[in-house]
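Look at the sequence and the model together. The paragraphs below go from the strands to a few backbone details.

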Amino acid sequence: SNVTGWQMQRIVEVTKQMGYNPFISLQQQYNLVSRSSELEAFQVCKLNGMGVLPWSPLKGGFLTGKVKRGEDPKEGRLGWVAEDTKRKMQAAPSMADISEQNWATLETLEKIAITKGKTIPQVSLRWLLQKSVVSSVIIGATKMTQMEDNLGAGNGWELTDEEMVELDAVSKPDIPYPYEM
């Protein structure tokens with residue numbers, strides 16, 4: 001897990017050269033706030049028939065809608081980081097690292113959740129489940145109510161193509177050189 005595209009391709013090549021069974025999945029951080037793996041690592045997965053198992057699908061709780069703009073979180077991983085920002089990490093960002101684009105993404109999630117009669121976490125997780133490269137999602141619930149809510153992302157409903165496009169657009173990462181060419 002946690003590899004760049006060239007590293008993933010090298011793993012695929014060495015595995016073939018050594019005659020080992022091929023890798024079938026990649027664990028990688030992937031969510032509506034962290035999409036950089038789409039540029040390379042996921043392309044290698046697609047080319048080699050590998051599925052992706054996203055970790056931190058709710059970005060440490062940010063994509064649950066529990067955190068409000070201008071307020072320090074009081075609980076969960078984000079609350080723990082708010083107490084001491086030196087604790088920040090990929091799975092638990094500091095609120096100072098949350099961009100305007102991230103807030104816009106959260107607002108879009110909330111709008112879609114209300115329209116669908118679902119929760120914000122369910123819409124976040126459903127977006128992942130509808131990505132062609134995603135095989136399943138690694139959830140990290142700390143309470144049974146969270147687990148039950150998260151499981152509701154996979155039961156009998158889908159985001160429309162328009163909702164997927166809207167979420168893709170609002171959360172689109174900056175595309176660095178040379179990808180933008």
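What follows is a short walk through this structure.

The model is predicted: local features need pLDDT of at least 70, side-chain atom pairs count only at pLDDT 80 or more, and totals for chains, interfaces and linings use all residues. Residues are numbered from 1 along each chain as its sequence is written, and side-chain values use heavy atoms, with hydrogens and water left out.

Helices (H or I, at least four residues) and strands (E, at least two) are DSSP runs, numbered from the N terminus. Strands S1 (residues 25-29) and S2 run parallel and are joined by 5 bridges; two strands pair if DSSP finds at least two bridges between them. Within this pair, glutamine 28 stands opposite proline 54 of S2. Together with helix H2 (residues 41-47), S1 and S2 form a right-handed β-α-β unit. Right-handed means that, with the strands pointing away from the viewer, the path from the first strand over the helix to the second runs clockwise.

Is S2 enclosed or open? Strand S2 (residues 51-55) has 4 of its 5 residues buried, so it is largely enclosed by the rest of the structure. Buried means under 20% relative accessible area (1.4 Å probe, protein chains only).

Serine 56 lies in the loop between S2 and helix H3 (76-83). Serine 56 is buried too, at a relative accessible area of 9%, and its phi is near 55°, a positive value. Most residues other than glycine have a negative phi, and most peptide bonds are trans. Asparagine 2, in the segment before helix H1 (5-18), also has a positive phi, about 60°.

The peptide bond from tyrosine 177 to proline 178 is cis, with omega near 0°. Proline 178 sits in the segment after helix H7 (161-170).

Terms used
Buried < 20%, exposed > 50% of the residue type's maximum accessible area, 1.4 Å probe, protein only.
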